[in-house]
Amino acid sequence: MYAKDILIDGYNRIQEEVHATVEGLGPDELGARPTPDTNSIAWLVWHLTRVQDDHVADAFGLDQVWLSQDWEKRFGLGLPRHDTGYGHSPAKVAKVRVDSGEMLTGYYDAVHAQTLDALRGLTAKDLERVVDEHWDPPVTLGVRLVSVLSDDLQHVGQAAYLRGLLQSAIS
């Protein structure tokens with residue numbers, strides 16, 4: 001098995017979990033926050049998708065799906081165009097509201113498709129390419145892809161946990 005196949009498998013798992021987490025939830029459940037300082041399912045899924053979109057596009061020299069496919073306009077969040085949610089205050093978290101889970105999965109699926117297209121063309125040598133010199137040591141493409149994979153899996157796990165909390169409160 002090649003490294004790119006392992007990465008593709010990992011990113012496919014994110015997609016599966018995103019869909020499982022938002023499936024069947026309405027706008028109120030997606031936007032629910034157990035406390036004013038916590039994130040909602042909608043924010044967590046939007047954020048993990050924005051991070052993947054931003055970081056993968058940057059690493060491969062691609063346009064962000066958020067902008068190139070007008071997801072920014074479809075969401076209409078009133079946030080800066082390149083905002084990924086990093087460091088959001090509770091007030092900004094509250095701005096991330098959606099009418100349906102399909103909005104979140106649609107955007108995620110579009111980002112996922114671009115990510116898989118990029119991953120399919122990878123060679124082992126590509127993974128050694130430095131994509132960010134602002135860190136010590138500089139970040140290679142391989143490290144960046146694993147970092148995004150890890151971050152996304154953590155956030156979708158948080159969203160799934162929140163779904164469980166919401167469902168147990170209803171029962």
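**Close-up views of a predicted model**

**View 1. Lys125 and its loop.** Lys125 lies in the loop that runs between helix α7 (101-120) and strand β1 (130-132), where helices (H or I, at least four residues) and strands (E, at least two) are DSSP runs numbered from the N terminus. The model is predicted, and local features need a pLDDT of at least 70, side-chain atom pairs count only at pLDDT 80 or more, and totals for chains, interfaces and linings use all residues. Residues are numbered from 1 along each chain as its sequence is written, and side-chain values use heavy atoms, with hydrogens and water left out. With a relative accessible area of 62%, Lys125 is exposed, a word that stands for over 50%, while buried means under 20% and partly exposed lies in between (1.4 Å probe, protein chains only). Although Lys125 and Gly142 are 17 residues apart along the chain, their C-alpha atoms are separated by 9.6 Å.

**View 2. The whole chain.** The protein has 8 helices and 2 strands, and when it is read along the sequence these follow the pattern α-α-α-α-α-α-α-β-β-α. The radius of gyration is 16 Å, close to the 16 Å that the globule rule gives for 171 residues, so the protein is as compact as a globular protein of that length; this radius is taken over C-alpha atoms, and the rule is 2.2 Å times the number of residues to the power 0.38. Along the principal axes, the C-alpha atoms fill a box of roughly 50 × 35 × 30 Å, and 43% of the 171 residues count as buried. Among contacts (heavy atoms within 4.5 Å) between residues at least 6 apart in sequence, 71% join residues that are at least 24 apart.

**View 3. Ala159 in helix α8.** Ala159 lies in helix α8, which covers residues 141-170, and with a relative accessible area of 0% this alanine is buried. Leaving aside residues up to four places away in sequence, Ala159 touches Thr21, Ile41, Leu44 and Val45. The C-alpha atoms of Ala159 and Asn39 are separated by 8.6 Å, although these two residues are 120 residues apart along the chain.

**View 4. Thr115 in helix α7.** Helix α7 contains Thr115, and this threonine counts as buried because its relative accessibility is 1%. When residues up to four places away in sequence are not counted, Thr115 touches Tyr11, Gln52 and Val56.

**View 5. Gln64 and its polar contact.** Gln64 has its place in the loop between α3 (41-60) and α4 (65-68), and this glutamine counts as buried because its relative accessibility is 11%. A polar contact of 3.0 Å joins the side chains of Gln64 and Asp54; such a contact is a pair of N or O atoms within 3.5 Å in which, within protein, one must be able to donate a hydrogen and the other to accept it, and residues adjacent in sequence count only if both atoms are side-chain atoms. Apart from residues up to four places away in sequence, Gln64 touches Arg50, Asp53, Asp54, Ala57 and His82.

**View 6. Gln69 and Asp70 between α4 and α5.** Gln69 is placed in the loop between α4 and α5, and the place of Asp70 is likewise in the loop between α4 and α5 (71-75). Gln69 counts as partly exposed at 34% relative accessibility, and Asp70 is partly exposed with a relative accessible area of 37%. Asp70 has a positive phi of about 65°, although this residue is not a glycine. Not counting residues up to four places away in sequence, Gln69 touches Arg74 and Ala110, whereas the C-alpha atoms of Gln69 and Asp9, which are 60 residues apart along the chain, are separated by 25 Å.

View 7. The loop between α6 (90-95) and α7 holds Arg97, which counts as partly exposed at 40% relative accessibility. With residues up to four places away in sequence left out, Arg97 touches Pro27, Asp28, Gly31 and Leu77. The C-alpha atoms of Arg97 and Val18, residues that are 79 apart along the chain, are separated by 16 Å.

**View 8. The cis peptide bond at Pro137.** Pro137 lies in the loop between β1 and β2 (139-140). The peptide bond that joins Asp136 and Pro137 is cis, with an omega of about 5°.
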